[in-house]
Amino acid sequence: MINFGYARANDVADAVRMISADPTAKFIAGGTNLVDLMKQDVERPSRLIDISRLPLRSVEETADGGLRIGALVPNSDLAYHPLIEQRYPLLASAILAGASQQLRNMASTGGNLLQRTRCAYFYDTVTPCNKREPGSGCSAIGGINRIHAILGASEDCIATHPSDMCVALAALDAKVRVTGPAGERVMAFADFHRLPGNTPQTDTNLHPNEIVTAVELPARGFAANYSYLKIRDRLSYAFALVSIAAALELEGGTIKEARLALGGVAHRPWRDTAAEATLRGQPANQASFARAADLLLRDAKGYEHNAFKIELARRGIVRTLTQAAQATPQSQSAKKIR
Amino acid sequence: MAQTSTERSKDKLLAPDKISVAMTVNGAEARLHVSPWTTLLDALRDHLDLTGTKKGCDHGQCGACTVLVDGRRVNSCLTLAVMKDGADITTIEGLAANDALHPLQQAFIDHDAFQCGYCTPGQICSAAGLIAEGKAKSADEIRELMSGNICRCGAYPNIVAAIQQAMGMMGGKS
């Protein structure tokens, strides 16, 4: 780790002032990803601005029947929060599918959104990586790319976003509340993370001097019919090869509303509203689910080591939608997939 | 006059001031003077000589560095000491009450829940956190919520058995 300075922000306005005054500084909250990246010399901030003591730790009900989650609510507290367990069990399940309990105790809600890819070349400072060193090239495209993207990738970057929590937030149509020098704004979750294009060094549409203050959930929680299925190389404490968040509203055997988002397959949580639209009004059966999977994967592209992900995703989508329709969500502790 | 290379490298090495931090560590007040980049793990081991907490991967992947901060288990290798000013820290050295082993320590001995022992302080602190959380009941749930602690000797079945014994003895309280 390089030497760096340290300062503590007292309130949100203070934090925005401090980051605006020093373009080489970075915010730190849980630190689970940033400290690791600093040990690897991938991140080299001149100064850390500690935002961990800001008053952003509450989960509050909003006037429209939804919830506002403070950006510093730890991942573990959020997963076990009674309102999340009861009304948004898809979110609770996805959070518990990620990391370890120690890391979930440390990691913040806002930080989870802002974590960087786990592409090994991004971490390896002696190999080219357009995300770490713009213009240097992508080592993953012709390298070991088993964990990489099959959707929305570019010639410059095939990295994936590593979060599980964000896949559920995408499916649930969350919003992200941010504050910057120009004031506060609210972003749709779909607009928060971006595809790599020819600027993979930029993960999100957050402006440089903005801070995430809250994540907001709409009233609709899909608590009756949901499932989060995560496929990985070991049963726990590993990043997804493919993960699927599925949520349905059923009327009899007919799909009234559907949500479908994937993790581990793209530079951002991959939600496909066209695939969701083909499910509406259809019977909740295997044939409908397979059609949605085919549509979602219509432009999927495999590389040397990850082409298996396309078929894995196809089967995973059908399985997860089936689990959701049958109200038998995937357990995150009993690992048998039913 | 141009700077010599020695002077330049001195400039580069100018370190930001050290910062005073006060913590309660295993029930005792500890005052530290640390650099911003000193992790809680290094502060415990190198500043306070509490070497029970182990440095395994130093990247949050193995759990050997697990300690309790304000009663919650965390990876001390990814925690900056300056950010824990005022915190209450419990390490493996702080679990036993006087001469009586903590129920988890006794259970790990009873079940032979280790071979080389390097991961054991982290396993036991993590298990203490797990019991305090009260979320794990079945063996599956213990395995899942202990997955942040890797044991390369493969003592997992014995670790799960030890935690189940301690959980029964402690009535779910840490």
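Which residues of helix H1 (residues 12-21) of chain A are buried? Select that helix to begin the tour: Ala15(A), Val16(A), Met18(A) and Ile19(A) are its buried residues. Here a residue is buried if 20 or more other C-beta atoms lie within 10 Å of its own, exposed if 12 or fewer, and partly exposed in between, with C-beta atoms placed from the backbone. Helices (H or I, at least four residues) and strands (E, at least two) are DSSP runs, numbered from the N terminus.

A word on the model before moving on. It is predicted: local features need pLDDT of at least 70, side-chain atom pairs count only at pLDDT 80 or more, and totals for chains, interfaces and linings use all residues. Residues are numbered from 1 along each chain as its sequence is written, while chains are lettered from A and ligands numbered from 1 in the order in which they are written.

**Stop 1: around H1 of chain A**

Look down the axis of H1(A): its buried residues fall within an arc of 165°, so they line one face of the helix. That arc is taken from the directions from the helix axis to the C-beta atoms. Now turn to the face pointing away from the buried side, where you will find the exposed residues Ala13(A) and Ala21(A). To see what covers the buried residues, show strands E1 (5-8), E2 (25-28), E3 (47-50), E6 (175-180) and E8 of chain A, which are among the covering elements.

**Stop 2: the sheet of chain A**

Next, select the five strands of chain A that form an open antiparallel sheet in the order E4-E5-E8-E6-E7. Two strands pair if DSSP finds at least two bridges between them. E4 and E7 (183-188) of chain A are the edge strands, each pairing on one side only. Direction ignored, neighbouring strands are turned by 25° against each other on average.

H1(A) packs on this sheet, touching E6 and E8 of chain A, and its direction makes about 135° with that of E8(A). Axes are lines fitted to C-alpha atoms, for helices over the stretch in contact, and angles run from 0 to 180 degrees between N-to-C directions. Contact means that the C-beta atoms of two residues, placed from the backbone, lie within 7 Å.

Walk across the sheet from E4:

- Three bridges join E4 (residues 59-61) to the antiparallel E5 (residues 67-70) of chain A, with Glu61(A) opposite Leu67(A).
- Five residues lie between the strands of this hairpin, and Gly65(A) takes a positive phi near 90°.
- E5(A) pairs with E8 (residues 211-217) of chain A over four bridges, and Leu67(A) stands opposite Leu217(A).
- E6(A) and E7(A) pair over six bridges, with Gly180(A) opposite Gly183(A).

**Stop 3: chain B**

Switch to chain B, which has six helices and five strands. Domain 1 covers 18-93 and domain 2 covers 103-170, with bounds from an automatic or database domain assignment. Their C-alpha centres lie 21 Å apart. The contact takes 15 residues from domain 1 and 13 residues from domain 2 of chain B. On the domain 1 side, E3(B) supplies the largest share, three residues.

**Stop 4: where the chains meet**

Finally, show both chains: 28 residues of chain B are in contact with 25 residues of chain A. Strand E4 (72-75), helix H4 (120-133) and helix H5 (139-145) of chain B each supply at least two residues of the chain B side.
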